[in-house]
Amino acid sequence: MARKIERVAEMLEEDFERKSEIETVYEVLKNEIIIDIREKSNAPLLNKEGLGVVKIPFFKINSEFKKLDQTKTYLFYCDK
């Protein structure tokens, strides 16, 4: 049986290049929630007063995202 190993970061780069450009945001607005997708070993995200932050590991995004309030805007916070 043959197998192919692909790095997730490389797959994401290819996907984003084909579909859309990633927007970088420098300010979080009132109706926006940050989803911290970094691995547990990384430093915690600094949480300013009133800033909504949800911790969801990258590998659980597909299953967990649909459980979130879909009236909100979500921003992904990652190391890349």
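The model is predicted, so local features need pLDDT of at least 70 and side-chain atom pairs count only at pLDDT 80 or more, while totals for chains, interfaces and linings use all residues. Residues are numbered from 1 along each chain as its sequence is written, and side-chain values use heavy atoms, with hydrogens and water left out.

Strand β1 spans residues 32–36; strands here are DSSP runs of E, at least two residues long, numbered from the N terminus. Five of its five residues are buried, that is, under 20% relative accessible area with a 1.4 Å probe and protein chains only (exposed is over 50%, partly exposed in between). Glu32, Ile34 and Asp36 point one way, and Ile33 and Ile35 the other. In a regular strand the side chains alternate between the two faces of the sheet.

Two strands count as paired if DSSP finds at least two bridges between them. β1 runs parallel to β3 (residues 73–77) over five bridges, with Ile33 opposite Tyr74. β1 also pairs in the parallel sense with β2 (residues 52–55), over four bridges, and there Ile34 has Val53 as its bridge partner.

There are three salt bridges in the structure, each a side-chain nitrogen of Lys or Arg within 4 Å of a carboxyl oxygen of Asp or Glu. Asp36 meets Arg38 at 2.8 Å, N to O, and both residues are buried. Asp36 also bridges to Lys55, with the closest N and O atoms 3.9 Å apart. Lys55 is partly exposed at 44% relative accessible area, whereas Asp36 sits at 4%. Glu64 and Lys67 form a salt bridge at 3.1 Å between the closest N and O atoms. Shared partners join Asp36, Arg38 and Lys55 into one network.
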